[in-house]
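Here's a quick briefing to get you oriented. Have a look at the sequence and the model, then read on.

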Amino acid sequence: MSRSLPWAPVALIVLLLVLWQGAFLLAGPDALAAPLQTIAYLAQQLTTPEFQQHIAATGTAFLIALLIAIAGGLLIGLMLGLSRTATEVAEPLLLAGNSIPKIALYPIVLLLFGIGLSAKVAFGALHGIIPVAIFTMSACRNIAPVLLKSAAVMRLSRADRIRSILLPAALPDIVTGVRMGFSLTLIGTVLGEMFGSQSGLGYLLMTAIGLQNTQVIMAVTLLLVAFAATVSTALLAYERRLRSRY
Amino acid sequence: METPHVRMRGVTRVYPTETGSLHALGPVDLDLRKGEFFAVVGPSGCGKSTLLEMIAALAPPSEGAVEFEGKPIGASVPDGVGVVFQENACFPWLNVADNITFGLRRQPLAKDEIARRLDYALTLMGLTDFAAAYPAQLSGGMRQRVCIARTLVTQPRLILLDEPFGALDQQTRLLMGDELLNLWRATGATVLLITHALDEAAMLADRVAVMSSRPGRIIEIIETGWPRDRDSRIVSDPAFGAVTGRLWTLLRDQSLNALGPAH
Amino acid sequence: MTRPQRIALYQALAVIVPVLLLEAGCRAGIVKPLTMPAPSAMTVGLVQILASGRMNAAILKTLANVAAAFVSSAIVGIAMGAVIHRIAPVRRLLEPLFSTYYAVPIYGFYPLFIVVFGLGDAPQVLIGFMLAVVGVIVSTLNGLDSVPRVLTKTARVWRMSGVQTALQITLPYAAPHLFTGVKLAAAYSFIGVIGAEFIMSQSGLGYEIRFAFDNLDNGVMYPLILLILIVSVGLNMTLDHWDRRLRARRGAGR
């Protein structure tokens with residue numbers, strides 16, 4: 001893997017803005033809003049209480065969903081990853097589960113949880129939990145056997161083995177899983193808001209789609225992309241720092 | 001006197017570094033006679049592999065001239081040169097027979113000629129029963145035989161071996177050495193063997209060059225004086241002990257140098 | 001019983017037991033029919049729908065769009081991966097994009113695609129393509145990175161050109177990684193197309209599920225959800241089976 005350089009993200013953002021502006025000039029104002037106009041509109045919207053309420057609604061649902069996805073994924077991954085048989089049994093099932101278009105399951109989520117916060121949270125967590133579980137599980141399996149043998153020689157207890165050997169050794173891969181889980185939980189939460197919800201950025205997006213209001217669509221998408229890219233980049237930097245030590 | 005098969009004059013290798021430059025190799029003058037088995041030994045980091053890569057046009061010299069069969073070596077690997085590397089260079093997606101004939105199938109050769117050379121190489125390297133196996137099913141020694149066979153079938157006039165047995169155990173090394181001697185006698189090719197194992201060099205080669213620690217220079221070339229018809233049983237000959245001892249005497253100080261001032 | 005057989009048995013149990021529990025729960029009335037019909041009823045409903053042929057047009061439309069997204073993303077992804085791998089500055093520029101790409105809600109771009117490409121099949125295919133292509137590119141880059149230097153040196157010893165080296169050495173070596181990318185592309189194409197149909201489209205399986213949901217028509221909705229589950233899991237398991245065979249031949253030695 002080639003090293004990423006400090007200038008790369010900046011250059012990339014500039015490139016994407018240029019492409020965006022180019023697309024705007026090509027497709028016209030009916031299809032797209034211009035970059036500067038969108039940023040200005042977003043900045044103005046961010047100060048209105050109405051928009052802030054939508055952000056708060058999405059943020060609350062997302063945080064709860066993320067907590068469930070990470071805690072649940074870690075628990076499932078650790079439990080399965082400690083046994084070779086359990087890993088072999090579960091891995092293909094989890095991967096198959098990951099390949100299901102989860103949006104097809106959304107009606108079931110709505111029927112089970114009803115319209116509101118819990119459905120959004122459930123749908124967000126449903127997206128995020130499998131990747132966290134898969135990465136945690138394979139992280140446990142990929143630990144160098146000599147480390148586990150050393151733990152056995154040192155006569156560590158099972159709990160101690162998990163806490164002082166397994167988790168630290170598996171940490172980089174677990175962070176990768178959390179990064180994936182973060183992205184997918186966000187997408188899941190927003191998707192969950194697009195149907196059967198009266199608040200949140202997903203709801204805003206869906207109403208704007210219905211009204212073909214490109215300015216709102218692009219402002220909300222820009223906000224989501226900026227947030228997702230920032231957190232994801234930070235997690236990636238943390239992950240790289242961890243890996244450079246291992 | 002006939003022109004040497006390989007001729008190096010004033011060859012050096014200098015790497016640019018952050019603080020200036022690192023003089024890694026040379027100057028080296030070296031002549032390989034046609035058809036001889038020549039070995040190069042030296043402490044780690046002395047640039048012996050670089051020497052080989054220069055002859056194969058895989059690395060350019062910083063200064064000096066390298067010639068093969070009287071012609072200067074350019075940017076691409078000269079025709080008639082085969083290289084065997086230390087690492088496993090088998091193609092994992094091809095079976096043994098297809099691995100061995102890979103180079104042949106790229107040449108305008110008749111099918112039965114390819115089959116004939118394949119048979120010959122399989123027999124010579126003891127791979128006949130494994131022609132349909134995939135590299136992943138073979139041991140390290142067997143994989144290296146596939147790589148040697150793959151070079152052999154192209155009928156190179158010069159075979160370059162870069163620590164080919166470095167990843168193998170000692171018994172396998174001795175037996176592979178015998179096979180290498182067979183191959184050398186059967187093909188009449190010139191062989192250049194880079195190795196860090198003194199006994200391997202002493203047993204296989206007609207002449208052994210000893211290199212200094214970095215920057216690597218050739219400090220002496222020893223004639224072993226073995227008959228052409230030799231094999232690994234030579235290790236019990238007192239003369240073998242004498243050659244190995246002589247090599248170690250020359251190398252000991254150089255190896256200490258390479259380890260660093262603390263020693 | 002051999003170990004692989006035992007693993008397969010456990011896997012079958014892990015699927016069958018929850019289904020049986022659900023069946024029992026539905027029959028006992030713990031799960032209300034308005035929430036979810038029994039799995040047996042879903043299966044019967046699916047057979048009836050398939051036999052009646054009234055969903056054939058929607059099924060064909062979805063499968064055709066998935067196929068278009070899948071094939072285009074696999075070809076474009078591998079080609080772009082091979083090109084980007086050769087040009088280091090471009091790769092360094094794009095690497096942050098690849099690593100954060102899946103954090104981007106692609107569906108947010110869907111309305112723009114409709115405005116630009118109209119209400120036909122193109123927006124759905126494009127969503128599937130966009131979800132799938134980056135996974136293929138990243139897998140291709142990883143695969144090309146894994147090629148040992150000794151193999152490219154070997155190619156130079158045989159005086160192979162850049163194109164020859166790519167086609168005969170690096171791409172075959174990277175094949176298992178490329179296949180992983182192709183497997184991802186299949187899943188993402190399916191997810192993308194179904195999602196786009198569900199959100200805003202007038203045809204396809206995703207649309208039919210949405211339509212049935214809006215009309216509280218569980219008798220259609222659940223069988224169609226079951227169909228999507230069967231198709232996506234079946235596709236994944238088939239590709240996974242080939243993947244394992246490909247890797248088994250390469251063995252652990254690589």
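What follows is a short tour: the chains, the nonpolar cores, and a few residues to look up.

This is a predicted model, in which local features need pLDDT of at least 70 and side-chain atom pairs count only at pLDDT 80 or more, while totals for chains, interfaces and linings use all residues. Residues are numbered from 1 along each chain as its sequence is written, chains are lettered from A and ligands numbered from 1 in the order in which they are written, and side-chain values use heavy atoms, with hydrogens and water left out.

**How the chains meet**

- Two pairs of chains are in contact, and chains A and C share the most contacts (a contact means heavy atoms within 4.5 Å).
- Chains A and B don't touch, and their nearest C-alpha atoms are 19 Å apart.

**Chain B**

- Chain B has seven helices and ten strands; helices (H or I, at least four residues) and strands (E, at least two) are DSSP runs, numbered from the N terminus.
- A compact globule of 263 residues would have a radius of gyration near 18 Å, and chain B agrees with its 19 Å. That radius is taken over C-alpha atoms, and the globule rule is 2.2 Å times the number of residues to the power 0.38.
- Its C-alpha trace spans about 55 × 45 × 40 Å along the principal axes.
- Of the 263 residues in chain B, 54% are buried. Buried means under 20% relative accessible area, exposed means over 50%, and partly exposed is in between (1.4 Å probe, protein chains only).
- Look at contacts in chain B with a separation of 6 or more, and 70% of them join residues 24 or more positions apart.
- The accessible surface of chain B is about 11,700 Å², with 52% belonging to carbon and sulfur atoms. These areas come from the Shrake-Rupley method with a 1.4 Å probe; for residues, only the protein chains shown count as cover.
- Chain B carries 26 positive and 30 negative side chains, and the centres of the two sets are 2 Å apart. Lys and Arg count as positive and Asp and Glu as negative, leaving out His and the chain ends; each charge is placed at NZ of Lys, CZ of Arg, CG of Asp or CD of Glu.

**Chain C**

- Chain C has ten helices and zero strands.
- Its C-alpha atoms fill a box of roughly 70 × 60 × 30 Å along the principal axes.
- Buried residues make up 49% of the 254 residues of chain C.
- For contacts in chain C with a separation of 6 or more, 71% are between residues 24 or more positions apart.
- Chain C exposes about 11,600 Å², and carbon and sulfur atoms supply 70% of that.
- There are 21 positive and 10 negative side chains in chain C, and the centres of the two sets lie 18 Å apart.

**Nonpolar cores**

- The largest nonpolar core has 96 residues, and B:Met8, B:Phe37, B:Ile55, B:Ile100, B:Leu160 and C:Leu151 have the most contacts inside it. Such a core is a set of buried Ala, Val, Leu, Ile, Met, Phe, Trp, Tyr and Cys residues joined through side-chain atoms within 4.5 Å.
- Helix H4 (residues 140-152) of chain B gives this core its largest share, six residues.
- Apart from this core lies another one, of 87 residues, including A:Ile103, C:Met55, C:Leu94 and C:Val133.
- Leaving out residues up to four places away in sequence, B:Ile55 touches several others, among them B:Val6, B:Met8, B:Val66 and B:Leu160.

**Residues to look up**

- B:Phe38 sits in strand E3 (residues 37-41) of chain B and is buried, with a relative accessible area of 0%. Not counting residues up to four places away in sequence, its contacts include B:Leu30, B:Val191, B:Arg207 and B:Ile221.
- A:Glu193 belongs to helix H8 (residues 158-194) of chain A and is buried, at 0% relative accessible area. Beyond residues up to four places away in sequence, A:Glu193 touches A:Ala57, A:Lys120 and A:Tyr203, among others.
- A:Glu239, in helix H10 (residues 214-245) of chain A, is buried with a relative accessible area of 6%. Not counting residues up to four places away in sequence, A:Glu239 touches A:Pro172, A:Val175, A:Thr176 and A:Arg179.
- A:Thr60 lies in helix H3 (residues 49-81) of chain A and counts as partly exposed, at 41% relative accessibility. A:Thr60 and A:Val121 are 61 residues apart along the chain, with their C-alpha atoms separated by 8.9 Å.
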